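Dear colleague,

Please find below the structure that I am handing over to you, with its sequence. My findings follow it, grouped by topic.

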Amino acid sequence: MDEDSTSNYSVPLLTNKNENSNQVSFSRKFWEENKLVWYIAGPCILSAIFQFSLAFTTQTWVGHVGTLELAAFGLQNLVISGLSYGIMLGMGSALETLCGQAYGAGKLTLLGIYMQRSWVILLGTALPLTLISVFATPILLILGQKKDIAELAGTFSIWMIPQLYMYALNFPMQRFLQAQSKVMPLAWISFGILVIHVPLSWFCVTRWGLVGAAASLNFSWVLVVILQYAYIVSGRCKDAWSGFSWKALTELLDFLWLSVASSVMLCLEYWAFMILIVFAGVLKNAEVKVDAAAICMNVEGWIFMVPLGYIAAVSVRVSNELGAGNAADAKFSVWVTVSVSLVTQTAFAALILVTRYDFPRLFTDDEIVMKEVSNLAVYLCTSIILCGVQPVLTGMAIGAGWQTIVAYVNITTYYLIGLPIGVFMAFKLNWGLEGLWVGTQIGMCLQTIVLIIMCWRADWDKEVQLSKDRVSEDVSTGEEQKLIH
């Protein structure tokens, strides 16, 4: 077919496309992007729920051993393990930026090198973090915990050290697979391990108490790492994984800086809510306040599994599109994900509000605590709705590589504005726990507003060029072929 006939043939197609209304075109584009988001977010949500359930299930069995063991397990899981988990999760998120943009640019061989660099950085970070577990007892005593609980939690923390190193290996592999949208295997692996973990944890805990709890959790996390690595090297990721390379040991300082910025960005958000619990412990009638706050945080923690999937989805979509040079599609994906997330989070908030006098019974039989939780329901719902926007914008920042800037934003909004206002309301205005929560939400609102402005005013074409610069700095085909055998 000659050139004229080809052009004549293509005219009707263009005409038909132009005949469609803008509304139909927008709806179709929105629906297609929505499907792409859910393709990534759905399995990521399931993976997060399944992995979150590992410790939750074990804690349930430990609760039948004794109150001291339950308190020690909860303290270690929330404070010691929670601190390490937040740092590792944050540092691993640097890989979402680099792997996502490299994948979008078609530089697949860089993904394996980036993952190996992240392993080096996170394993190196795990070494000093091990000291937190080793000295957990004096740390907990300094924080005002009772001696018997602190000592048992400190011993349990030492038993849980292997889990810390599994975090260092797990998070880079997760980000490596997410960047390629290979998320369904993550969900199946997590589900399979949870199925194994439930009876294994019951067997170990009922026979050996906290020792059994540590053994079952460590074993399950080792299994997570082994199965994910087996999938990666099985040939399913042959373009992105070609073996170990010496290049992974180069440019570690730049990689470390982005990892630290990512960790600071995410940890500042996470720690703000931990600080809320700490301040709740010095309020009047502290036991009731702490119990009520813990119940609300537990509910929010489970619901947050959904925004966690959106964070993964939008970071992958933004980084992939920027790497591919599609600035408009990257920005469009952000607004689509925000819209979808707002709908789901508003639905959760409505459910909590309707059942605010009933759902506390799932966690406690104390009428005073239940009343306090019901009073906090409005603040809980506000936080849930805010989580329909803020986490998505955080995922956008990760995908675009804005971690350093957002870290400064978080310091300002949460710690220089939000928390001081919350402390003032709680102790000077006598608003109690409600005042603390309002202050934290003010910080969250301000952070969300700043992120919206950053997204709206960003030069996305410039972000595309920055993405190309990041990837091009690491492209060296000669070095990539120097593999360790």
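Helix α13 is mostly covered, with 18 of its 20 residues buried. The model is a predicted one, and the remarks below should be read with that in mind. Helix α13 runs over residues 305-324, and at 1.5 Å a residue its 20 residues should span 28 Å; the C-alpha atoms at its ends are 29 Å apart, which agrees. Just after α13 comes G325, which takes a positive phi of about 85°.

Helix α7

The same check was applied to helix α7, residues 147-159. Its 13 residues should span 18 Å at 1.5 Å a residue, and the end C-alpha atoms lie 19 Å apart, in agreement with that figure. The buried residues in α7 include I149, A150, A153, G154, F156 and S157. Because these residues cover an arc of only 165° around the axis, they are on the same side of α7. In an α-helix there are 3.6 residues a turn, so residues three or four places apart point the same way. Which elements cover the buried residues of α7? Among them are α3 (67-92), α5 (109-134), α6 (136-142), α8 (161-179) and α10 (210-236).

Two helix pairs

Two packed helices are described by the angle between their axes and the distance between the axes. For helix α15 (residues 367-386) and helix α18 (residues 432-457), the axes come within 11 Å and cross at roughly 5°. Angles under 35 degrees count as roughly parallel, and α15 is therefore roughly parallel to α18. On the α15 side, the contact involves E372, N375, L376, Y379, L380, T382, S383 and L386. These meet L433, E434, W437, V438, Q441, M444 and C445 in α18. By class, the contact of α15 with α18 has 9 nonpolar, 4 polar and 2 charged residues.

The second pair is helix α4 (residues 94-104) and helix α16 (residues 390-400), whose axes come within 7 Å and cross at roughly 60°. The two helices, α4 and α16, are therefore oblique to each other. Their contact is made by E96, T97 and Q101 of α4 together with I398, G399 and A400 of α16. By class, the contact of α4 with α16 has 2 nonpolar, 3 polar and 1 charged residues.

Positive phi values in loops

Most residues other than glycine have a negative phi. S181, found in the loop between α8 and α9 (184-208), has a phi near 60°, a positive value in a residue other than glycine. N430 lies in the loop between α17 (403-428) and α18, and its phi is likewise positive, near 60°, in a residue other than glycine. Is N430 buried or exposed? N430 has a relative accessible area of 62%, and is therefore exposed.

Individual residues within helices

G86 has its place in helix α3. With a relative accessible area of 9%, G86 is buried. Leaving aside its neighbours within four places in sequence, G86 is in contact with S263 and C267. G86 and W302 are 216 residues apart in sequence, and their C-alpha atoms are 16 Å apart in space.

R117 belongs to helix α5, and is buried, with a relative accessible area of 1%. The C-alpha atoms of R117 and Q76 are separated by 29 Å, the two residues being 41 residues apart along the chain.

T206 lies in helix α9. T206 is partly exposed, its relative accessible area being 45%. From T206 to M454 the separation is 248 residues in sequence and 52 Å in space, C-alpha to C-alpha.

With kind regards

Definitions and conventions
Residues are numbered from 1 along each chain as its sequence is written. This is a predicted model: local features need pLDDT of at least 70, side-chain atom pairs count only at pLDDT 80 or more; totals for chains, interfaces and linings use all residues. Side-chain values use heavy atoms; hydrogens and water are left out. Axes are lines fitted to C-alpha atoms, for helices over the stretch in contact, and angles run from 0 to 180 degrees between N-to-C directions. Helices (H or I, at least four residues) and strands (E, at least two) are DSSP runs, numbered from the N terminus. Angles under 35 degrees count as roughly parallel, over 145 as roughly antiparallel, 65 to 115 as roughly perpendicular and the rest as oblique. Contact means heavy atoms within 4.5 Å. Ala, Val, Leu, Ile, Met, Phe, Trp, Tyr, Cys and Pro count as nonpolar, Asp, Glu, Lys and Arg as charged, and the others, Gly among them, as polar. The expected span of a helix is 1.5 Å times one less than its number of residues. Buried means under 20% relative accessible area, exposed over 50%, partly exposed in between (1.4 Å probe, protein chains only). The arc is that of the directions from the helix axis to the C-beta atoms.
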